[in-house]
Amino acid sequence: MSRRLAGNRLAVVAFLVILGTVGAALFAPYLPLSDPDTVDTPNRLKPPLTPGHWLGTDEFGRDLLARLVWGARVSLLAGVATAAVAMMVGVMLGVIGGFYTGWIETIVMRLTDILMAFPYILLAIAIVGGLGPGLRNAMIAIAIVGFPIYTRLVRGVMLSLRQQEFVEAARALGARDAVILSRHILPHLLSPVIVAFSLDVGVKILATAGLSFLGLGTQPPTADWGSMLATGRQFVVLSPHVALLPGLAIFVIVLALNLVGDALRDLLDPRTYSR
């Protein structure tokens, strides 16, 4: 298994990129970086490779390297946290809607259908509009609109498993539903859910950045890749690096997460072993 993973060079490089980004975000307080919120108006819009500001400065003279690293803390935390909450809620509802029939299944799936009928980002904007702008409310909105994906995925697996012989045998032996779920069904859900989660983190980072870009997520002066991109777009002609750098950071980390997710899907799919 490890040999097959090592053979996927793109996935290895992507994993190293993710590891480096996470490491920089975690150890940001201990790195020799400037204060990301310190305003230095005389040095505003400095280009990259300026002494003391290796990636330049923004419209307020704040160091872009420091803001990118500290912004990674916010963006990664928001992406992982919202994907985790959406996964937990979606898996729980998917298990309930797939294992039990009748009115329980009907309520769970109709709720899922209603949420999936709305455009993803527009529904998130509407929820944040009702709750008020801010990172916490943006994360709540993204988690709400994101869990139906997991519900659909898990329910589909549950429908194929609940009629299997080993489940029927466990029922015939008098096993309770909790035992059947924990010992016989849930282990089969780990692989698809892990793969879906690894791919979904990138989607959630994009969604969080999009809400911050619209002014509904992280509020100034907190550094966040989406809000940095929003303010930098005003200077895209005069100083393109102000918008290019946070946009490039979002692109690279989401691409890396997608590559690792694809590698995990191939790694955890037993049908690929014979290839």
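Predicted model: local features only at pLDDT ≥ 70, side-chain atom pairs only at ≥ 80, totals over all residues.
User: Which residues does Ile253 touch, not counting residues up to four places away in sequence?
Analyst: Ile253 is one of the three core members that touch the most other members, together with Leu211 and Trp225. Once residues up to four places away in sequence are set aside, Ile253 touches Ile18, Thr21, Leu76 and Trp225.

User: Is Leu68 buried or exposed?
Analyst: Leu68 lies in helix H3. Leaving aside neighbours within four places in sequence, Leu68 is in contact with Leu55, Trp225, Met228, Leu245, Pro246 and Ala249. The relative accessible area of Leu68 is 12%. A residue counts as buried when this value is under 20%, so Leu68 is buried.

User: How far apart in space are Leu68 and Ala170, C-alpha to C-alpha?
Analyst: In sequence, Leu68 and Ala170 are 102 residues apart. In space, the C-alpha to C-alpha distance between Leu68 and Ala170 is 53 Å.

User: Which helix supplies the largest share of the lining of the largest pocket?
Analyst: The largest pocket has a volume of about 550 Å³, and among the residues closest to its centre are Phe15, Ile18 and Leu257. H2, H3, H8 and H10 each supply at least two lining residues. The largest share, eight residues, comes from H2.

User: How many charged residues are in the lining of the second largest pocket?
Analyst: The second largest pocket holds about 210 Å³ of space. It is lined by 14 residues, with Thr21, Leu68, Ala72, Trp225 and Ala249 closest to its centre. The lining divides into 13 nonpolar residues, one polar residue and, for charged residues, a count of no charged.

User: How many charged residues are in the lining of the largest cavity?
Analyst: The volume of the largest cavity is about 40 Å³. Its lining consists of Asp58, Glu59, Arg62, Leu64, Arg67, Met228, Thr231 and Val242. Three of these residues are nonpolar and one is polar.

Technical notes:
Residues numbered from 1 in each chain as written. Heavy atoms only, no water. Core = buried A, V, L, I, M, F, W, Y, C linked by side-chain atoms within 4.5 Å. Buried < 20%, exposed > 50% of the residue type's maximum accessible area, 1.4 Å probe, protein only. Contact = heavy atoms within 4.5 Å. Helix = DSSP H or I, 4+ residues; strand = E, 2+ residues; numbered from the N terminus. 1 Å grid on protein atoms, 1.4 Å probe; cavity = no way out; pocket = protein on both sides within 12 Å on 5 of 7 lines; lining within 4 Å. Points joined across faces, edges and corners; volume = space filled by probe spheres on them. Nonpolar A, V, L, I, M, F, W, Y, C, P; charged D, E, K, R; others polar.
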